[in-house]
Each structure stands twice: as structure tokens, then as C-alpha cells.
Amino acid sequence: MNSKADHDPEIPEKTNKATESKEAHLVRSDDVLPKELTILPVSNRPLFPGLVVPLIYEGDEMGKIVRDLADSHSQHVGLVLVRDEDKDYAPENLYEVGVVARIAKAIEIEGHGLHLVVECLRRFKIEAFLSNTNPIRVLASYRSETSYEDNVDLRAYTVAIVNTIKELLKHNPLYEEELRLFASRFDVNEPNRLADFAASLTTASREDLQGILETFPIFDRLKKVLSLLNRELDVSKVQTKIRDNIDERVSEQQRKFFLHEQLQEIQRELGMNEDPREKEIDDFRKKASKLKFSDEAEQIFDEELNKLIMLETASPEYSVTRNYLDWLTSLPWGKACRDRYNLNSASRSLNQHHSGLDDVKDRILEFIAVGARKKAVGGSIILFVGPPGVGKTSLGKAIADAVARPFYRFSVGGMRDEAEIKGHRRTYIGAMPGKIVQALKRVEVANPVIMIDEVDKIGSDFRGDPASALLEVLDPEQNAEFMDHYLDVRFDLSQVLFLLTANQLDTVPRPLLDRAEIIRLPGYMASEKIEIARKHLWPTQLKEHALTRNDVSLTKTVIQHLVEDYAREPGVRRLEGLMKKILRKVARKLEDGSAETPVRIAVADLAEYIGKPRFREQPINQGVGLSTGLAWTAMGGTTLTLETTVIHRDRRGMKITGQLGKVMQESTEIAYSYITSNLSRFITDKKAIDASFFDKAFVHMHVPEGAVPKDGPSAGVAIATALLSLALNQAPARLAMTGEMTLTGDVLAIGGEREKLLAAKRLGIHEVILPAANEVDVDELPASVREGLTIHYAKHFKDVARLMFNIRMKAKTKREI
């Protein structure tokens, strides 16, 4: 018998000896297996010894051959791989090496040919073809196989292949059953059986597998098999990675699917799985059933709802109609809150929101009292006028709280589009209702308190005039049938209480002024601001900065210095900002440990916290050609120092500087004309007056702070006083004054009495001159404003001259008249 070692030069000598010693125990294959074999073709991949595989052969000719073989005594058959699957079964189309197999079972399958189960036994090589036609018979030669247990090198290859197969099992558990079957029939230490089994596990190409089958030397065969296994392992790892990614995505999709199914089941249990379109329509019907539509609104609602039912959800018109119905059913049709007309409660609410402004509070309580008698405060328009920070908006909130109505505020400052008030027509993309309809939707009642801020800053351009649009909103005669362009349905605004705010009346549209009840908020006195700071601002800021009175203390004296030296504005916004600045620095000191509680802030510490004082007391300059006037600004009252001097006496004339407006320039010209034409009529006991003083005098008049524009109709008296002082060469008395005058010397009434008197008190002036026509207005001011002031009233400039210079003025002669 030829041993395996005779054909493998790589086997060491000791292996050959071991083989020879065991030769008596080997069975000669030539004595068992037939030398002549009938060949059956195999098309997909070659088969290896040791395998038990099923085969199916179809067709009449091949079926007859297989059936004869199954019925024969030998039942051995040669299985050879065809070279080209598309060509006919012929000797030249067969490989030279195949595997001999024993037919273990043959089953006839009706319509599907013959089903064979074969046990592959050993390699064979075709030595010669005995017949070239079916059935093809060949002369076969066999190679005997032996084991190589004592060979270390083969043992290493065997272990490597086994380990690789184990790695494959991790990625493809299907190999586990085949490995168990192999272990039950063969010894793992048989390298030839292991190599054939490992090759059969791979998915290598038919050519590579046929190469393994044709490799008889064991070392070469193991090397090729190990290479194929490593390649298979790499492919399996990639497949495992791909499979894991797919499984992850599939599991996520399955999770979403199960959650979606659960959600649908929950929705079915709760009755929420109905058609969204039908649900929307039902919701609109339910909302409409709770409203008291007007006849017009009900008709339009029915028309639009029927249109919505007919439209497809994908139609652009569907969303337009749906949004319209949403706005229409969101308005408070027939819904009104119950008013509260309790004066005591209203008084407490006003006092809670504000300190001071007693006269303003009285006006508001009177207004509420009238509403209590009428059982309605709607249809009224109140205009709060005052500088910033005096509490106009918070007063509106206090009124809403006093009458137990919801409050809504919006600003029209800078508004130039009429559609902001009355809405856009639905023909435009992105159309929306105006601010009034939006407010009603938000408050959900038809009788709220709506505050419209900054009406003095409303604008107009080519897009429309918002001020004119406000007329229909505010006018009690028109707003009962207010029509928004978007809704195109009349809505009753007569129950709404409208509050307007403005900083000044000059730029408020006149039609709005005619329809509003004006309440002026001139500003707070220093004493009122101190109380507001103590009772309201300081506690509020402590809370906002997470501090308490135990952490920081501020005395009334410090607050007084804050008001007088840093925040003289009529409002309290700057004062509040200063307190925030102080508390921020205190909080930082407490956090970094540079200060300990309680932090006591003294007057001397203010410069460290908020810087140097903004305002300093400017003493009234008394001298020849000087006078002190009182002026009103949007920030409150102030004083103006007027300076006059003679530049030269070459010619008569006058120069004006200080950035004066047109009105003040005219007041200067009137005062100059009056003094120059009436200078000879003034009589003094001390010395004679040079009536020709202005004939050749070129006078320069200046109002300091030239960078600040100045204008207004109340400086005539002060200008005339400065010019008369220059002509008399006498300093005027320490009085401040305000009032316009005519060419005949009459003193005309002015406005802003409260602010001007407070400005005089702030500068320590205790005597002021006001037009006699303003005496009634002064009497209406709070006693706290007039306290400490001596007020003189002047009908004519001669009254001013008597007070300022102690001179008289003689009557005109008949010739002068």
C-alpha cells in the first residue's frame, strides 16, 4: 500500500517511521472501493470526504442513471464537479479529481426527480474514461489516508484551524451543528479529515474548493484551507457588523411600531382616534355653541364652516378658512366679567400701587363713582399725560384691578400701518387681525381695560394713518359696530374701557383729544419720590436681588440725596435704576467676602456705588442784565437763566444765542420792542432812566446750555426783565418768573404750573411770579406743592417791574396813545 508519506516530501523522517510502524493496522482502500465508477456530475461546488449530503437529479436520462445506480449491488458512485455549468455533461467538461460516495438512501419524488442521500468516502482521480456517453464510466485511482498525531508542525496547523473555526462560530452559530456532527464521526486530530471539513464550511468559490480537493499533500492542503478560513472569518465579521446595524435599525423601527400601536390603542380607549379634520369641525361647533354670536357673525360662521367641510385639507384655502374660524370663535361674543364698583376697594388698590398723586387718584375715584351710578364704565376714554416714569401704565393696572377687569396693554409708538389697528384683509398672505381683536382674544371678555401707550408718538405714511383708525376704535359713537378688516364682522367695543398714555399733548392727534378725558400726571415731588422709594422701590429691588433688610440698609437721608442729587426727573425710573446699581455692588461684595452683613450705606458712600452727583445746586446769579425764568420740559420743570449785555454802542441792534426755537425768538423780539418803546415810562425814585439807552446799544442775549434746544411760549416776561435790568443798570430781585407777554405788556397764561413751581422749590427760590390768569390753576394744585412759596400774580408787565425793581410805570400820554 502507498502511504501518504510517500507522496508528501514535507513530512519529517520520524513521521515516516511512525507511519511504517502502524502500517499493519491500515486497510487498503483498493480492496474496498471499486476501481470502475459511474460518474454523476456536481454543478454548484465540489464535495469532500466525510460529508453526508443530499442530492437531487431531475430529467429522464439522468433519473434513469441514478435509479440504476441506487438499485445496483455496489451503490458506489463518483461525484465530480463540472467545469462549466452551462455546457453539457461530457468527459471534457469534468475535473480530474472527485470524491467517491456511497448511496445511503434514494427517494423517488413525484414530479421532482430522484432524491439521493450520499456519504462521501474518499478522493479519487480519473485515470481513464471507460465510456464517453451516459452513463460515463471511468477508471479510478485512490489515495490512502493516515493520521499524523506525532507531527508537531501538523499539530500547529490543526490547532490554528480549530481556533479559526471557533471564531467563525461566534459570528455564524449555524456552523455549530456541523461541527458537532463532525466531532461525533471523526477525530479532530485527523488533519486530513479536519482540512476537508473546514473547507466545506467556507463559502469560497467552486474553483478554490476544487483546488483544495485536488491538493493531496497535507501541508499544502492545510495552508490553503487556513487561508480560506481566515478570508471567511473576515467576511463573517463584516456581515456580523452589517447585521448588527440592520438589527439595531429594525429594532428601533419595531420599537416605534409597538409604541405607535400602543398610542393608537390608548387613543381608541380615550376616543381620540377620530379624523383630525372631523375633530376640528366638531371643535368649532362646540366653541360656537358656547358663544352668543350676533346674527351677522352667526351667518358668516355657518358659511365658513360649510366651506371648510367641502374643502380638502391639502388645499391652501383650507388653512385660510380654518384660521379665520379659529379667530372668529376665539372672540368673547357675549362674554363679560362682572364689574366691581367699591370705592373703598378701589382706593386701597390705587394706594397700593402708588404713593402721592392724590389729585390724580381723586379724579379716578370720581370716574369710578360715576360708573357705579351708571353700572357701567365702558365707552369712556381716559388720557394720562405726563413725563416718563410717573406711573401712567401702573395707574392703568390699578384701575383695572379696582373695577375687577382684565388688563391688556399695547403700544402704538412708531406705528405707521393702519392694519396694525384694524387688521389685514384676508386676501393677503399671512393676514392677521389688528391689535384690538388680538387683545380681546387674549383677555377672553368683551369688557376689559385696554391701555394704548404712546399715542403722542403714533405715525403715518403711505400705508395709512393709524391715528385715524383709532378714531373708530375709541369713539363711543362708532365702536359699538367696530369692524376689523380681517374678520369683516362687526363687534361691539362699547363696553371696553380705553386708557391712553402720552408724554405731551402737542403731538397727540386733535380728534383723539376731543374724545378723551385728560388726566395730567405732572410728576412727583421730592417728598413723594422719597416715600415711593422707601415703601415700594427699595423693598421690590431687595427681593429681585435676593437680599433682605438684614443684608443691606438704606436710610431716608440717603434716599433724599439720591432724589435731589442724582434723580431729579419727575418719574422714578432713574431712581429705581440707581437702587439696582447699588444692590448689584452690594451683592458682589457679599459674595467675594469684602463686606460683612449688614452693609450700611451712608451719604458719603454714594460716590463709590453710583459715582459723582449728577445735579448740583446752581445758585441764582443775580446781577445787571440777568433774570431767572421757569420752563417746562418732558422730564419736568426746570429753570432758565437769561443773560444780556451791551457789546458796543456803534449802532442799535440785538443778537440772540442759545439755540432758541422760533417761538422764543419771537418772544425775544416782542420783549425787546416793548422795553425799547416804553423805557421812558418807567419811574424810579433813585435816579433818572436814560430813555435813549437802546438807541445806539447793540445787545447780546444768551440762554446758557446752548447744546440744548429751547422753545416755548412762556419766556417773554423773563426776557423783558433782563433787558430792563440792563437799561436800569440794576440787578433784579431774587425771584423766578414765567409768563408770555404782548406788545402792550399784558401777561398771558401759561401751562405746567406744577412742574415750574417744583423746580423753583428745588433751587431754593421762595418767591415766584405767575400770570394772574393762572391763579385758578394754582389753587387746584395740592397744598404740598404751594407750601413754602410766595406766589405773585401779574396781569401786566408793570406788576413785574414793581416786584423786581421797585419802580412804577406812568400812563401813556394822549400823544403816545
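This is a predicted model: local features need pLDDT of at least 70, side-chain atom pairs count only at pLDDT 80 or more; totals for chains, interfaces and linings use all residues.
**Entry 1. The whole chain**

I began with contacts, meaning heavy atoms within 4.5 Å. In the protein chain, 75% of the contacts with a separation of 6 or more join residues 24 or more positions apart. Residues are numbered from 1 along each chain as its sequence is written, and side-chain values use heavy atoms, with hydrogens and water left out.

I then looked up burial. Buried means under 20% relative accessible area, exposed over 50%, and partly exposed in between, with a 1.4 Å probe and protein chains only. Of the 817 residues of the protein chain, 46% count as buried.

The secondary structure comes to 28 helices and 26 strands. Both are DSSP runs numbered from the N terminus: helices are H or I with at least four residues, strands E with at least two.

**Entry 2. Nonpolar cores**

Here a core is a set of buried Ala, Val, Leu, Ile, Met, Phe, Trp, Tyr and Cys residues joined through side-chain atoms within 4.5 Å. The largest nonpolar core has 61 residues. Leu40, Tyr57, Leu79, Leu116, Phe124 and Ile161 have the most contacts inside it. Helix 8 (residues 218–270) gives the largest share of this core, eight residues.

**Entry 3. Helix 10 and its cover**

Helix 10 (residues 295–310) has 16 residues. I checked its span: 23 Å from first C-alpha to last, close to the 22 Å expected at 1.5 Å a residue. The expected span is 1.5 Å times one less than the number of residues.

Which residues of helix 10 are buried? They are Ala297, Ile300, Phe301, Glu304, Leu305 and Leu308. These cover an arc of only 135° around the axis, so they sit on the same side of helix 10. The arc is that of the directions from the helix axis to the C-beta atoms. On the other side of helix 10, I found Asp295 and Met310 exposed.

What covers the buried residues of helix 10 includes helix 9 (276–289) and helix 11 (316–330). I followed helix 9. It packs against helix 10 at an angle of about 170°, with the axes 11 Å apart. That makes helix 9 roughly antiparallel to helix 10. Angles under 35 degrees count as roughly parallel, over 145 as roughly antiparallel, 65 to 115 as roughly perpendicular, and the rest as oblique. The axes are lines fitted to C-alpha atoms, for helices over the stretch in contact, and angles run from 0 to 180 degrees between N-to-C directions. From helix 9, Arg277, Ile281, Phe284, Arg285 and Ala288 meet Phe301, Leu305, Leu308, Ile309 and Met310 in helix 10.

**Entry 4. Helix 7**

I looked for burial in helix 7 (residues 206–214) too. Arg206, Leu209, Gln210, Ile212 and Leu213 are buried there. They cover an arc of only 155° around the axis, which puts them on the same side of helix 7.

Val699 is in strand 20 (residues 698–702). At 0% relative accessibility, Val699 counts as buried. Beyond its neighbours within four places in sequence, I list its contacts as Thr644, Thr645, Gly653, Met654, Lys655, Phe694, Leu723 and Leu726. Arg651 is 48 residues away along the chain, with 9.9 Å between its C-alpha and that of Val699.

Ala469 is in helix 17 (residues 466–474). At 4% relative accessibility, Ala469 is buried. With neighbours within four places set aside, Ala469 contacts Glu418, Ile421 and Lys422. Ala469 and Glu420 are 49 residues apart in sequence and 9.3 Å apart, C-alpha to C-alpha.

**Entry 5. Backbone in the loops**

I looked up two cis peptide bonds. The bond from Asn134 to Pro135 is cis, with omega near -5°. Pro135 is in the loop between strand 5 (113–131) and strand 6 (137–142). The bond from Thr597 to Pro598 is cis, with omega near -5°. Pro598 is in the loop between helix 21 (573–592) and strand 15 (599–601).

I also looked up positive phi. Asp488 has a phi of about 60° although it is not a glycine. Asp488 lies in the loop between strand 10 (482–483) and strand 11 (490–491), and at 44% relative accessibility it counts as partly exposed. Asn729, likewise a residue other than glycine, has phi near 55°. Asn729 lies in the loop between helix 24 (716–728) and strand 21 (736–737). Asn729 is exposed, with a relative accessible area of 53%.
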